[in-house]
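Notebook open, structure loaded. Today I'm looking up side-chain contacts, charged pairs to begin with and rings after that.

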Amino acid sequence: MAEGAAALASALASWPSLAQRLTGQPLAIFLDYDGTLTPIVSRPELATLPPEVRKLLGRLAARFPVAILSGRARDNVAPLVGLDELIYGGSHGFDISGPPPETGEAPLRHEVGEGIPAQVEGAAERLSAALADIPGILVEPKRFAVAVHFRLTPPEALPRIEREVDATVASFSALRKTEGKKVFELRPRIAWDKGAALRWILNRLPPSSQSRVPIYIGDDTTDEDGFEAAQEAGGVGILVANAPQPTCASFLLHDTREVEVFLTRLAELA
Ligand SMILES: [Mg+2]
């Protein structure tokens, strides 16, 4: 049931009861990247991870599996984080790769959607050409999606940008339009999302005898599937937001700084 973020309990204020619930449990940590680990910036390439957060993720990963589920392409987000021991789900979880869950096992690998990368490439070419004259526009082709960033474009250009996005979706049948923070994204028409990626990863993590408790932290509409999947699996969904917004997450963190504090507490959990 969606409710306003204002009604959500702070994950930090609720820490005593959360700690009691999570202590001694085999956790699995799922994190969005932009707006969750790094503040939202005007251009995606500027969202670099602070060294102290990288160190913190390394400490967490020494205790629990840590997965980054990002809208970025996997080969884009993985170097930004720069830790081989993490699991990376790029393109909203369409492209998953990680170290072997247990010694002697094969590395984690899952790729959803055959034929999608070719359609993505075609759509990106069409959009780049159609929108080339709009100042500040950024068409970002990824392996499984095309992002059209309009954070830096004049507001009056928006109707034209959206028309071109709609026309592109109409001519590439495998893709559909989604919307995020100042970005349109053309994503595959496949029932797969960050929630499905969370379930896929969770099913492959040891110990098989006991289910892991997933914790999902994210800030955008695409993270709602992650909150839902985490909570259905008996875990915790935490929205990063400084203003009320509809969500199915059960807790709130106000900004990336609070995320860092929360992750520090998880890393130090008894
Ligand atoms: Mg985000």
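This is a predicted model: local features need pLDDT of at least 70, side-chain atom pairs count only at pLDDT 80 or more; totals for chains, interfaces and linings use all residues.

I started at Arg199, which has 40% relative accessibility and so counts as partly exposed.

**Charged pairs**

Who does Arg199 meet? Its side chain and that of Glu232 form a salt bridge, 4.0 Å from N to O. Arg199 sits in helix α6 (residues 194-204) and Glu232 in helix α7 (residues 224-232), so the pair ties together parts that are 33 residues apart in sequence. I checked Glu232 as well: at 60% relative accessibility, that residue counts as exposed.

One of interest to me joins the side chains of Arg59 and Glu268, at 3.2 Å from N to O. Arg59 is in helix α2 (residues 51-61), while Glu268 is in the segment after α8 (256-267), so this pair ties together parts that are 209 residues apart in sequence. Is Glu268 buried or exposed? I got 53% relative accessibility, and the cut-off for exposed is over 50%, so Glu268 counts as exposed. Arg59 comes out at 40% and counts as partly exposed.

Then I looked within a single helix. Arg257 forms a salt bridge with Glu260, with 3.5 Å between the closest N and O atoms. Both lie in helix α8, three residues apart, which is about one turn of the helix. Glu260 has a relative accessible area of 18%; buried means under 20%, so Glu260 counts as buried.

I also found a network of salt bridges, which links Arg74, Asp95, Arg109, Glu111 and Arg143.

**Rings**

How many aromatic pairs are there? I find four in the structure. In one of them, Trp15 and Phe262 have ring centres 5.5 Å apart and planes at 85°, so I logged the pair as edge-to-face. This pair links distant parts of the chain, with Trp15 in helix α1 (residues 15-22) and Phe262 in helix α8, 247 residues apart. Trp15 is buried at 13% relative accessibility, and Phe262 is buried with a relative accessible area of 1%.

Phe150 and Phe184 make an aromatic pair too, this one tilted, with 5.0 Å from centre to centre and 40° between the planes. Phe150 is in the loop between β8 (146-149) and α5 (158-171), and Phe184 is in strand β10 (residues 183-188), 34 residues apart, so I noted another link between distant parts of the chain. Phe150 is buried, at 11% relative accessible area, and Phe184 is buried at 1%.

How values were computed:
Residues are numbered from 1 along each chain as its sequence is written. Side-chain values use heavy atoms; hydrogens and water are left out. Helices (H or I, at least four residues) and strands (E, at least two) are DSSP runs, numbered from the N terminus. Buried means under 20% relative accessible area, exposed over 50%, partly exposed in between (1.4 Å probe, protein chains only). Rings of Phe, Tyr and Trp (its six-membered ring) pair if their centres lie within 6.5 Å; planes under 30 degrees apart count as stacked, over 60 as edge-to-face and the rest as tilted.
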